[in-house]
Amino acid sequence: MFDLKDKVSLITGGNGGIGEGIANGFADFGSRVAIVGRDEAKCKKAQEKIINNGGEAKYFLCDVASYESVKDCISEVNNEFGSIDILVNNAGTTIRKAPHDLSPADWKAVMDTNLTSVHYFSSIIFNQMKKKKSGKIINIGSMMSIFGAAHAPVYAASKGGVVQYTKSCAIAWAEFNIQVNSILPGYITTNMTDGFRKNFPEDAKLVTSRIPAGRWGVPSDLAGTAIFLASSASDYVTGTFIPVDGAYSIR
Ligand code: NDP
């Protein structure tokens, strides 16, 4: 039921952090993994790790904020693997500034990477999933899909948008047997949060004290939920958002 054997998955930001944790989990369950990212050295390392563990993976360089780059990337993945059965929209970025300090360029950079890219990938890949009458799309939100964030307002706006976009696609595409869901990670140790822990240790301590599970998550903590949402075990689950957060969001 959780088997991903021969299923092709495309994971944006699959070359590090949460995306890599999901990529490793998918490969362990038999998926052929297309790792999408910009940093070639990270891509190579993530690809090698899966291959060394006996899995199948290939990386594709892409700027998810560029429509042309996304279109080319999807063609390359289809040429290589012949299909895309599972899409994970995981690539993301943030800018730590108060709302009144955000420039138009700051706003656009975060929105394009975190939200517009989700639309680019989903709307293009939808066409092939519709033809097959089958597909799984997993969008990575955040605790900021639920909570406001005084120091990350555009990040929060983009991640709130990810959840609303997820629900909308789930309704629109249910008749084609395409399930669209989102995962809301809690506080996870990755490159994205390294700076926060280093530069704002008191704030980071406060976060830890607020996590009922008593610890930050690690990238592999996200894999199980992603495997569920990518497999036939979740064929009647669509439009939902699942926090994976050690109970942070219900406290
Ligand atoms: P990382 O910084 O480790 O990973 C971010 C990934 O996104 C990298 O693989 C990066 O690839 C990719 N990426 C960013 N911009 C682009 C772009 N323009 N084109 C292609 N790839 C891009 O952080 P996380 O693993 O933590 O973040 C993954 C997702 O999880 C993000 O959406 C983030 O918002 C979300 N999240 C993270 C949480 C956490 O606590 N860590 C909590 C909640 C949500 P490259 O290096 O090649 O550019």
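Select K205 to begin the tour. K205 is exposed, with a relative accessible area of 54%; here exposed means over 50% relative accessible area, buried means under 20%, and partly exposed lies in between (1.4 Å probe, protein chains only). This is a predicted model, in which local features need pLDDT of at least 70 and side-chain atom pairs count only at pLDDT 80 or more, while totals for chains, interfaces and linings use all residues. Residues are numbered from 1 along each chain as its sequence is written, and side-chain values use heavy atoms, with hydrogens and water left out.

E202 and K205 form a salt bridge whose closest N and O atoms are 3.6 Å apart. A salt bridge is defined as a side-chain nitrogen of Lys or Arg within 4 Å of a carboxyl oxygen of Asp or Glu. Side chains of opposite charge can pair when their charged atoms come close. Both E202 and K205 belong to helix α7, where they are three residues apart, about one turn of the helix. Helices (H or I, at least four residues) and strands (E, at least two) are DSSP runs, numbered from the N terminus. E202 is likewise classed as exposed, at 53% relative accessible area.

Remain at helix α7 and select D203, together with R96. The closest N and O atoms of this salt bridge are 3.8 Å apart. The pair links distant parts of the chain: R96 lies in the loop between β4 (86-89) and α4 (104-132), whereas D203 lies in helix α7 (residues 201-209), 107 residues apart. R96 is partly exposed at 40% relative accessibility, and D203 is also partly exposed, with a relative accessible area of 34%.

Now move to helix α3 (residues 67-81), which holds both E68 and K71, three residues apart, about one turn of the helix. Their side chains meet in a salt bridge (3.7 Å, N to O). E68 is partly exposed, with a relative accessible area of 46%; K71 is partly exposed at 35%. By the salt-bridge rule, the count comes to ten.

The next stop is F2, in the segment before β1 (8-12). The relative accessible area of F2 is 40%, so this residue is partly exposed. Which residues does F2 touch, leaving aside its neighbours within four places in sequence? F2 is in contact with F29, I227, F228, S231 and A233, where contact means heavy atoms within 4.5 Å. Select F26 as well: the C-alpha atoms of F2 and F26 are separated by 10.0 Å, and the two residues are 24 apart along the chain.

Finally, display the whole protein. There are eight helices and seven strands. The radius of gyration is 17 Å, close to the 18 Å that the globule rule gives for 251 residues, so the protein is as compact as a globular protein of that length. This radius is taken over C-alpha atoms, and the globule rule is 2.2 Å times the number of residues to the power 0.38. The C-alpha trace spans about 50 × 35 × 35 Å along its principal axes. Buried residues make up 52% of the 251 residues. Of the contacts between residues at least 6 apart in sequence, 72% join residues at least 24 apart.
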